[in-house]
Amino acid sequence: MRGALAFARRACGTWRSETWSRWASAGAEVAEDAAEGAAVASTGRRRPKKQVLELTEAAAERIRTLLDKRKAEYLRIGVKTKGCNGKAYTLNYAENKGKFDEEVQQLGVKLLIEPSALMHIIGTKLDFVEDRIKTEFVFNNPNSKGQCGCGESFTT
């Protein structure tokens, strides 16, 4: 560092005090940010974690009805290899949480995401649609690169 400082003094004539004060104030801001981060870590308050899956009110109501009928605690969402496009969503009842399952609690409903399905489900919005022809859960997945014609399978 001494060599660089001596070179800067010779090249510029003198060491500029305003440059030094700018660097010092930037260092002070970084130190304040680090102290604030340490305070947050010591108090245990964290930023709220973004949910892996977003539920609509209709989907939450239908899941609540299904869980109450079966007296199950969770609905487990997974992905398996199936269909003409490669992957399909699975929905099963679950009584307990697996070791690596991701738990999602929204609108009074508890969901579990299987670890193997997590990367395929991140950012998905789950909706429940009921019309004259069909009643189904609809997964609006922004990561989906394609779907088959019937909508049963997808690819990411």
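This is a predicted model: local features need pLDDT of at least 70, side-chain atom pairs count only at pLDDT 80 or more; totals for chains, interfaces and linings use all residues.

Residues are numbered from 1 along each chain as its sequence is written, and side-chain values use heavy atoms, with hydrogens and water left out.

Let us begin with helix H3, residues 57-70; helices here are DSSP runs of H or I with at least four residues, strands are runs of E with at least two, and both are numbered from the N terminus. Which residues of H3 are buried, that is, under 20% relative accessible area, where exposed is over 50% and partly exposed is in between (1.4 Å probe, protein chains only)? They are Ala-59, Ala-60, Ile-63, Leu-66 and Leu-67. Seen down the axis of H3, these residues fall within an arc of 130° (taken from the directions from the axis to the C-beta atoms), so they line one face of the helix. On the other side of H3, Asp-68 and Lys-69 are exposed.

I turn now to the salt bridges, each a side-chain nitrogen of Lys or Arg within 4 Å of a carboxyl oxygen of Asp or Glu. The count by this rule is 4. Within H3, Arg-64 and Glu-61 are 3 residues apart, about one helical turn, and their side chains form a salt bridge at 2.8 Å, N to O. Arg-76 pairs with Asp-101, the closest N and O atoms being 2.6 Å apart. Arg-76 lies in strand S2 and Asp-101 in the loop between S3 and strand S4, so the pair ties together parts 25 residues apart in sequence.

Methods:
The expected span of a helix is 1.5 Å times one less than its number of residues.
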